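Student: Hi, could you walk me through this one? I'd like to begin with the overall picture and then go into the details.

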Amino acid sequence: MAEHAEYPAYPVGLRLSGRRVVVIGGGQVAQRRLPALIAAGADIVLISPSATPSVEAMAKADEIRWERRRYAEGDLADAWYALIASSDPDANTTASAEAERNRVWCVRSDDAEAATAWTPATGRSAGVTVAVLTGQDPRRSAAVRDAIVEALGDGSLAAPYFRTHEDSPRVALVGGGPGDPDLITVRGRRLLAEADVVIADRLGPRDLLDELPPHVEVIDAAKIPYGRFMAQEAINNALIEHAKAGKAVVRLKGGDPYVFGRGMEEAQALAAEGIPCTVVPGISSSISVPSAAGIPVTHRGVAHEFTVVSGHVAPDDPRSLVDWAALARLRGTLVILMGVDKIGAIARALVAHGKSAETPVAVIQEGTTAAQRRVDATLATVAERVEAEDVRPPAVIVIGDVVTITPEQAAE
Ligand SMILES: C[S@@+](CC[C@H](N)C(=O)[O-])C[C@H]1O[C@@H](n2cnc3c(N)ncnc32)[C@H](O)[C@@H]1O
């Protein structure tokens, strides 16, 4: 009310689930406000002769009940809360007088001073609802809201959990992307910012570890001093031990946790101890590293498929699960991970099974990082080129005609 305008609004979180909310007017204001009311589980009645197509769709989906008529005295009788936003100022005034008489908190789109409640600029991120009121300046409220939501989202503003809640997974297997710290997901970065313990791989966005506060324990999985198998067991044990100690644990992995990442083995080890974990997908190097080096893994008219293969064992190794003869017959792109050491044997196997020795090959080392470099070859020359250029892991090898496509080539 005008005479109270010098007082700040009293903030409160309304729990509207199952409670009647009456919305008068089905225009743009209703369209903007209704989704949050629906999300709050309110029992919404819209009173309006017309509605925007989006509002109409909400009625068709039974998210709101729409009475196609003008406001009439008595419409607010059962309401806990009202949004008055019709294009008829007289109806708005009468409805807001009814709200005042019935002690129904009411928002008015046409006259903030006459309203008994104001809608804050709201947003949600990291399980936190942000609501901002700045008096009569909605754009300022929205700017503050955006800044907070963005900071919560990217983890630059931490929202640590102090009570265990089902929303707060204690262990997260986070795909960190190929290495560039900007290529981790928003969710991954947020969980990293909330972690007490981070167990990090050699690959992935290691620069982000520098940003962690001093109390965070960082365990370098690459330095665990056992053989391959024991190292994995030691990682599993560390995950279990810290989770049982009530810590928020992030297992930060390169690329995606489930692409040659042993992520499922870790999830299984945790499950065996009854510890739930959340998996945050990551941008796999198998696609992002070629992309960062200018290679599309598919291209219209050139490749309709791409196949991602592990090259960590040679084609003639009895442990190999890869059908190299079948791969040699494919027209599409082959993407090989962990294949630098075995590229000679792999190239020979593909040619022996019928792939042209002139098939283009690109080897991209340390993709998306400052040290990224690309070596081009063919199946006939790749082993020699890798040796001559001293290419080292980590590298992604791309085999196929997509390797020679450039942005300068005219599209057909
Ligand atoms: C154990 S696999 C893990 C793959 C990871 N989970 C992913 O989705 O990208 C490791 C291999 O991924 C590839 N790789 C990962 N990051 C890379 C990068 N930044 N540049 C080049 N290759 C990379 C290399 O082939 C490396 O040997």
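**Overall picture**

Tutor: Happy to: the protein's secondary structure amounts to 11 helices and 17 strands, where helices (H or I, at least four residues) and strands (E, at least two) are DSSP runs numbered from the N terminus. This is a predicted model, where local features need pLDDT of at least 70, side-chain atom pairs count only at pLDDT 80 or more, and totals for chains, interfaces and linings use all residues. Residues are numbered from 1 along each chain as its sequence is written.

Student: What radius of gyration does the protein have?

Tutor: The protein has 29 Å, whereas a compact globule of 412 residues would have one near 22 Å. The radius is taken over C-alpha atoms, and the globule rule is 2.2 Å times the number of residues to the power 0.38. Along the principal axes, the C-alpha atoms fill a box of roughly 85 × 60 × 35 Å.

Student: And how much of the protein is buried?

Tutor: Buried residues account for 37% of the 412. A residue is buried if 20 or more other C-beta atoms, placed from the backbone, lie within 10 Å of its own C-beta atom.

Student: Let's look at a strand. How many residues of β14 are buried?

Tutor: Five of the five residues in β14 (residues 333–337) are buried. Thr333, Val335 and Leu337 point one way, while Leu334 and Ile336 point the other way.

Student: Why would they alternate like that?

Tutor: In a regular strand, side chains alternate between the two faces of the sheet.

Student: Which strands pair with β14?

Tutor: β13 (residues 306–310) pairs with β14 in the parallel sense over five bridges, with Ser310 opposite Leu337. β17 pairs with β14 in the antiparallel sense over four bridges, and there Ile336 has Ile397 as its bridge partner. Two strands pair if DSSP finds at least two bridges between them.

Terms used. Buried ≥ 20, exposed ≤ 12 C-beta atoms within 10 Å, placed from the backbone.
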